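User: I would like to learn how features of a model such as this one are read, one at a time. Could we begin with the terms and then go through the cases?

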Amino acid sequence: MNCSKYFLMALLLSAPAYAETILITDGLVHTGDGSTAERRDILISDGTIQRVAADLQADADTVIEANGRPVTPALFAGITASGLSEIGMVYESVDSGLNELYTGLMHPEFDVRDAYNPYASVIPVTRVEGYGYSLLSATTRDRTLAGQGSLVRFDGGFTSFEGDTVLYVNVDGDSGNKLGGSRAAHWMLLQNAFDELATTDADLTLISAAGKATLKSARKNSLFVFQANRASDLLRVIRFAQAHKLRAVISGGQQAWMVREALSDASIPVVLNAMDNLPGNFDALGARLDNAALLHEAGVTVLFTSGETHNARKVRQVAGVAVANGLPHAVAIKAMTSLPAAVFGGAERGLVPGARADVVVWSGDPLDVNAAADQVIIGGQLDSMQSRQTQLLQRYLPVDAGMGRAYINP
Amino acid sequence: MHSDSEEGIQRLNQEAAKAMLRGNRAGLDIPPERAIRWITSNAAKSLGIDGQTGTLRPGMMADLVLWNQDPFSVYAKPLQVYIDGALHFDRDDPALQPQSDFELGQLLGVSP
């Protein structure tokens, strides 16, 4: 092989083929900005949405006749460990959390993006269900300041990260259990860590010099996602965020409805699971199905997560449950599409000209369990709609296995 | 249809809807009248009580649910639940919405 051939290969590997032009005709287009869906055509080329209008006339390599089927931006899969975990009990395949370190109580410098694997089977499994991106999470193990992540696009790229760096801090009942034996002790340690930032000395039992530098920069440039459910903890988060001028987001928020006015005043978004309706522990007393609706009515920004990585595709059902319990449908669609990108600093994700063409054509209402993604488009390219699970189905569905299932290779 | 999850068992109608959809998309022909058996008569059959409950037929125990719409949807809600002919749950009547001991007297004075 000569050099030019290598160069060509490098080009092919690095640059997705953007030649394809896709025209979607007569879709029930949910722009993703909270507006009502309308029948529109969408023209896609160069990986970008070019035009959205009625009766577009354009030559396209591929025409998808939506015939009134809903079309949305690719959905947000919630806060997940996608690409960080294959099987929970197979320890070498799990990279989402930090533990078994003998130094420092807090490691904000831990960054899960260093372990991200775009070939994890869960990514196509989630993508073919209509999902285009997720908030990559550092999960709490034996450290309450769990580390950093960010938005990640499900486009197969090794470094498809975007938006703000996000720091995860667990301040629920479990945090005191892990550190200091009390929520108050845990807040004391967090307070100490932030007080340290103003000094030149370093308490290395608490936080390393690298961690201190990370936290110092994060305070100005990053988002802090606080995992908490109890109303009193949520109010403590608000006070802490205001004292240290942090941009805060709540994850969990099962009692958020009880302090919704305070959350609204502080402009703190809540990422919740609208199916959380059981008093599973003392922090979750009063969990209710209309949590999302109550928060929205009070002016709080609501986003959704399922709390799962390997069933992250369930989050549209989560949003559907919120709608069944009072949240306006268009608000839920926005929360599932463009809003997470806006909250976490990513690029525009509405179905508007100039936005990245991550688009889904659905068989019916995207939030209902009786509909599914018919065609996913990521970065302006038609997805194969194949995953490990669709291929297992194709292998095991036929009654006649022929020479054996291993010979059925979809 | 089964779930070992405290969330899943509350919404087996939605799980049945998903399974029916996926079966049909895989080329099977599963009408709703078959899928409803997954969460009604087949469960009774597996417990050996299909002679008493699990179907709406004359002579069976009056165990039934009144839905606000097609139950194979995320938006479906049970309006009334009858056990043995007696109304045990009513969405519009707080007196017919049971509460566990664990929740009684918690979050006193708090309401939306």
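Analyst: A residue is called buried if 20 or more other C-beta atoms lie within 10 Å of its own, exposed if 12 or fewer do, and partly exposed in between, with the C-beta atoms placed from the backbone. Helices (H or I, at least four residues) and strands (E, at least two) are DSSP runs, numbered from the N terminus. The model is predicted, and local features need pLDDT of at least 70, side-chain atom pairs count only at pLDDT 80 or more, while totals for chains, interfaces and linings use all residues. Residues are numbered from 1 along each chain as its sequence is written, and chains are lettered from A and ligands numbered from 1 in the order in which they are written.

User: Which exposed residues does the face of α5(A) turned away from its buried side carry?

Analyst: The general idea is that an α-helix has 3.6 residues a turn, so residues three or four places apart point the same way. In α5(A), the buried residues are A:G211, A:K212, A:T214, A:L215 and A:A218. They cover an arc of only 160° around the axis, the arc being that of the directions from the helix axis to the C-beta atoms, and this puts them on the same side of α5(A). The face turned away from that buried side carries the exposed residues A:A209, A:S217, A:K220 and A:N221. Among the elements that cover the buried residues of α5(A) are β9 (161–170) and α4 (183–196) of chain A.

User: What span should the 13 residues of helix α5 of chain A have?

Analyst: The expected span of a helix is 1.5 Å times one less than its number of residues. For α5 (residues 209–221) of chain A that gives 18 Å, and the end C-alpha atoms are 18 Å apart, which agrees. Helix α1 (residues 12–25) of chain B can be read likewise: it has 14 residues and reaches 20 Å from its first C-alpha to its last, close to the 20 Å expected. The buried residues of α1(B) are B:N13, B:Q14, B:A16, B:A17, B:M20 and B:L21, and they cover an arc of only 155° around the axis, which puts them on the same side of α1(B). Their cover includes α9 of chain A together with α2 (32–38) of chain B.

User: How many residues of each chain are in contact where chain B meets chain A?

Analyst: Two residues are in contact if their C-beta atoms, placed from the backbone, lie within 7 Å. By that criterion, 19 residues of chain B are in contact with 20 residues of chain A. For the composition, Ala, Val, Leu, Ile, Met, Phe, Trp, Tyr, Cys and Pro count as nonpolar, Asp, Glu, Lys and Arg as charged, and the others, Gly among them, as polar. The residues on the chain B side divide into 10 nonpolar, three polar and six charged.

User: Which phi does A:D46 have, and where is A:S267 found?

Analyst: Most residues other than glycine have a negative phi, and most peptide bonds are trans. A:D46 has a positive phi of about 55° although it is not a glycine, and it lies in the loop between β2 (38–45) and β3 (48–53) of chain A. With 13 C-beta neighbours inside 10 Å, A:D46 counts as partly exposed. A:S267 also has a positive phi of about 55° without being a glycine, and is found in the loop between α7 (260–265) and β12 (270–272) of chain A; with 12 C-beta neighbours inside 10 Å, A:S267 counts as exposed.
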